[in-house]
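Here are my notes for a first look. Please read them with the structure open.

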Amino acid sequence: WVDEYPENGYPPSVEVAAYWQGIGGNLTTNVPMLKTADGKVFCQSSAVLRAIGRIGGLIPSSDDDQYLVDKLISDAEDSRSMAYKALPLFGATKEVQDTFIKAFKTKHLPNFQRQLGDKEWMVGQTITIADITVYDALTSFGEGLIPGVLDDFPTLKIWKERVAARPKIAEYLSSDRFVRLRKFASIV
């Protein structure tokens with residue numbers, strides 16, 4: 001697939017947004033967008049995530065495991081939604097930030113750690129899109145906003161390192177594309 005991230009970052013120019021709307025088929029900016037080598041276009045976060053999962057073999061085959069993947073994606077989205085509200089960029093007050101920090105430490109992280117248990121991966125015997133989605137929630141929003149937040153969750157910390165060590169993920173994390181991404185600043 002092709003990464004169509006605008007050269008000048010986000011938000012895109014009017015021209016780039018119009019281009020995305022044209023190929024994505026939505027009247028929104030269609031971000032994120034996945035464009036495959038054969039020209040197929042997928043847009044909207046959850047739909048793109050699941051398309052990548054199907055294309056990349058990152059969705060398990062059993063109905064029960066597929067449910068667990070969907071549930072973990074929703075759990076990660078719950079934590080992300082709360083994190084967005086805690087961002088100064090969006091006018092968060094100290095009270096909202098404190099509420100997020102407390103909930104992340106006392107509800108979201110224990111929930112993820114409980115679901116991981118003593119397994120190597122969140123669902124099944126290999127990495128799935130659930131692992132990748134939870135990894136993003138824990139690193140971009142958890143550790144990004146609350147540095148050191150995983151220190152009290154050693155099982156999750158080891159799991160996070162396992163995900164980051166996957167060859168393609170490690171390659172991406174050390175790439176210029178990743179380094180150039182705008183990261184969230186600490187709120188503590």
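1. Start with Phe90. Its relative accessibility is 55%, over the 50% cut-off, so Phe90 counts as exposed. Bear in mind that this is a predicted model.

2. Phe90 has a ring partner, Tyr84. Their ring centres are 6.3 Å apart and their planes stand at 65°, so the pair is edge-to-face. Tyr84 has 35% relative accessibility and therefore counts as partly exposed.

3. Tyr84 also pairs with Phe141. This pair is edge-to-face too, with 5.1 Å from centre to centre and 70° between the planes. It links distant parts of the chain: Tyr84 belongs to helix α3 (residues 63-85) and Phe141 to helix α5 (residues 129-145), 57 residues apart. Phe141 is buried, at a relative accessible area of 4%.

4. Step back to the group. Tyr84, Phe90, Phe141 and Phe184 make up one aromatic cluster. Across the whole structure, a search finds six aromatic pairs.

5. Two charged residues sit over rings. Lys183 lies over the face of Phe178, 4.2 Å from the ring centre. Arg162 places its charged end over the ring of Trp121, 5.9 Å from the centre.

6. Now turn to helix α1 (residues 14-24). Which of its residues are buried? They are Ala17, Trp20 and Gly24. Seen down the axis of α1, these fall within an arc of 60°, so they line one face of the helix. Their cover includes β1 (33-35) and β2 (41-43).

7. The face of α1 turned away from the buried side carries exposed Val14, Glu15 and Gly22. After α1 comes Gly25, with a positive phi near 85°.

Methods
Residues numbered from 1 in each chain as written. Predicted model: local features only at pLDDT ≥ 70, side-chain atom pairs only at ≥ 80, totals over all residues. Heavy atoms only, no water. Buried < 20%, exposed > 50% of the residue type's maximum accessible area, 1.4 Å probe, protein only. Helix = DSSP H or I, 4+ residues; strand = E, 2+ residues; numbered from the N terminus. Arc of directions from axis to C-beta. Contact = heavy atoms within 4.5 Å. Phe/Tyr/Trp six-rings, centres within 6.5 Å; stacked < 30°, edge-to-face > 60°. Lys NZ or Arg CZ within 6 Å of the ring centre and 35° of its normal.
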